[in-house]
Amino acid sequence: MKMKPSRLEYDINDVLENLLNKGLILTADVIISVAGVPLLGVNLRAALAGMETMLEYGMMEAWDKSTREWYIKESARKVTVPLAEDEKSVIRTFGSVKCSRRKE
Amino acid sequence: MSKNGVVLETEARGGRYVYCIVNNTNELSLDNIGIDNASVYTVSYRDIAAVVHACQSQPYESKDEGKVKEWIFSHNEVIDKATEHFSTVLPFSFDSIIAGDDNTVRDWLSKSYEKLKQELERLKDKAEYTVRIFYDKNRLEEKIIGQDQALKELKEKIERMPERAAYLLQRKLELEVKDACNAMLVNLAEEFISKVKEHVEEMRVEERVPQFPGKYGEKKMILKVSCLVHRNKVEGLGEVLGEINDREGYDVRFTGPWAPFSFVDLGET
């Protein structure tokens with residue numbers, strides 16, 4: 001029997017997925033910024049997509065806060081490396097180093 | 001203007017929550033249908049417009065899941081209303097906010113005009129549909145054993161043996177059935193994809209989700225595809241899906257029409 005597409009109450013999963021993981025996102029030059037930190041569309045989407053789980057465990061706040069703090073701290077101590085005459089900077093990015101200390 | 005003046009002005013301008021882009025020349029109001037009953041209106045540039053509401057220049061965030069879902073549904077409803085009004089829409093993801101006022105929105109429209117217009121043309125008369133196909137695992141396994149002479153004999157042998165002695169053979173049977181099942185599912189998915197493909201402009205095979213809550217909880221999903229379908233072809237797609245749905249052991253869920261969330265693409269902007 002021929003099927004007709006439907007949009008019933010229980011199709012909320014499709015609505016949530018469409019609006020959180022799909023659709024257009026804004027580019028960085030017009031996007032809002034929060035506390036001086038550009039909140040890029042991609043990050044926002046990623047955060048929202050996992051929101052239910054993250055909120056459940058209260059991770060969102062911590063994640064958000066620490067990421068922003070880290071960003072602000074890193075931007076504050078931008079180090080300019082002196083370049084020789086024929087050198088130029090090709091890419092500029094933040095990095096982090098993971099280290100663990102063995103307990104005595 | 002003093003530096004302070006600039007800062008104040010930026011703050012006062014706030015933001016514009018963007019729902020979607022449509023074909024429209026006039027600026028008009030769509031009433032208080034937005035998130036938290038915000039007043040929704042269009043900001044035009046030439047013959048395209050952004051459907052927006054004025055908001056603060058910060059994202060909608062809440063720890064209350066119910067609240068967030070309510071916002072998301074409001075956004076979806078605005079997209080539906082816009083689709084009714086303007087037919088083709090380019091939907092935006094939830095919580096997309098432009099920092100600035102109507103002029104900022106217009107600037108952005110003018111900068112992105114070519115791409116937006118091109119997308120509106122490309123997606124004209126087309127809508128997105130989601131297709132999920134489920135199968136009954138037990139029935140598929142029975143069918144596989146029934147069709148394979150060696151497996152059938154193995155099963156009968158196990159049934160004649162005492163339970164303990166049959167343990168290893170039972171494991172062997174399970175593994176072989178599982179392999180055969182997986183091979184069959186790959187073939188089925190390919191078959192279904194090629195059938196659906198004939199009736200769609202574009203399709204996207206979504207990440208395989210093994211389980212789906214609710215009515216289909218007992219069954220497993222073989223396939224989930226998002227399809228961009230021309231409105232003349234929806235019936236044809238419904239026919240093909242109906243044939244699959246009528247097969248024993250298979251269920252199809254066919255939802256839509258949705259705004260073309262999976263297919264709208266501005267490329268690198």
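In chain B, residues 24 or more positions apart account for 73% of the contacts with a separation of 6 or more, a contact being two residues whose C-beta atoms, placed from the backbone, lie within 7 Å. The model is predicted: local features need a pLDDT of at least 70 and side-chain atom pairs count only at pLDDT 80 or more, whereas totals for chains, interfaces and linings use all residues. Residues are numbered from 1 along each chain as its sequence is written, and chains are lettered from A and ligands numbered from 1 in the order in which they are written.

The complex receives an ipTM of 0.75 and a pTM of 0.72 from the predictor. For chain B the average pLDDT (the predictor's confidence in each residue, from 0 to 100) is 86, and 90% of the residues score at least 70. Residues 1–12 of chain B have a pLDDT below 50, and this stretch has 1 contact in the model beyond near neighbours in sequence. Where pLDDT is low, the predicted coordinates should not be read in detail.

Chain B holds 8 helices and 9 strands; these are DSSP runs numbered from the N terminus, with helices being H or I over at least four residues and strands being E over at least two. Of its 269 residues, 31% are buried, a label for residues with 20 or more other C-beta atoms within 10 Å of their own, where 12 or fewer means exposed and values in between mean partly exposed, with C-beta atoms placed from the backbone.

An open sheet in chain B is formed by 4 strands in the order β7-β8-β6-β9, with antiparallel pairing; two strands pair if DSSP finds at least two bridges between them. The edges are β7 (202–205) and β9 (250–258) of chain B, each pairing on one side only. From one strand to the next, the twist averages 20°, with axes fitted to C-alpha atoms, for helices over the stretch in contact, and angles running from 0 to 180 degrees between N-to-C directions. Helix α7 (residues 167–197) of chain B packs on this sheet, where α7 touches β6 (126–135), β7 and β8 of chain B and its direction makes about 15° with that of β8(B). Between β7(B) and β8(B) (residues 220–230) there are 4 bridges in the antiparallel sense, and Val205(B) has Val225(B) as its bridge partner in β8(B).

Elsewhere in chain B, strands β2 (residues 41–45) and β3 (residues 48–55) pair in the antiparallel sense over 5 bridges. Ser44(B) stands opposite Ala49(B). The two strands, β2(B) and β3(B), form a hairpin with 2 residues between them, and Arg46(B) in the turn has a positive phi of about 50°.

Between the chains, the axes of helix α1 (residues 12–21) of chain A and helix α2 (residues 65–86) of chain B come within 10 Å and cross at roughly 85°. That makes α1(A) roughly perpendicular to α2(B), the class for 65 to 115 degrees, with angles under 35 counting as roughly parallel, over 145 as roughly antiparallel and the rest as oblique. Val15(A), Leu16(A) and Leu19(A) of α1(A) meet Ile72(B), Phe73(B), His75(B) and Asn76(B) of α2(B) in this contact. Asp14(A) also lies in helix α1 of chain A and counts as buried because it has 21 C-beta neighbours inside 10 Å. Not counting residues up to four places away in sequence, Asp14(A) touches Thr130(B), Thr255(B) and Trp258(B).
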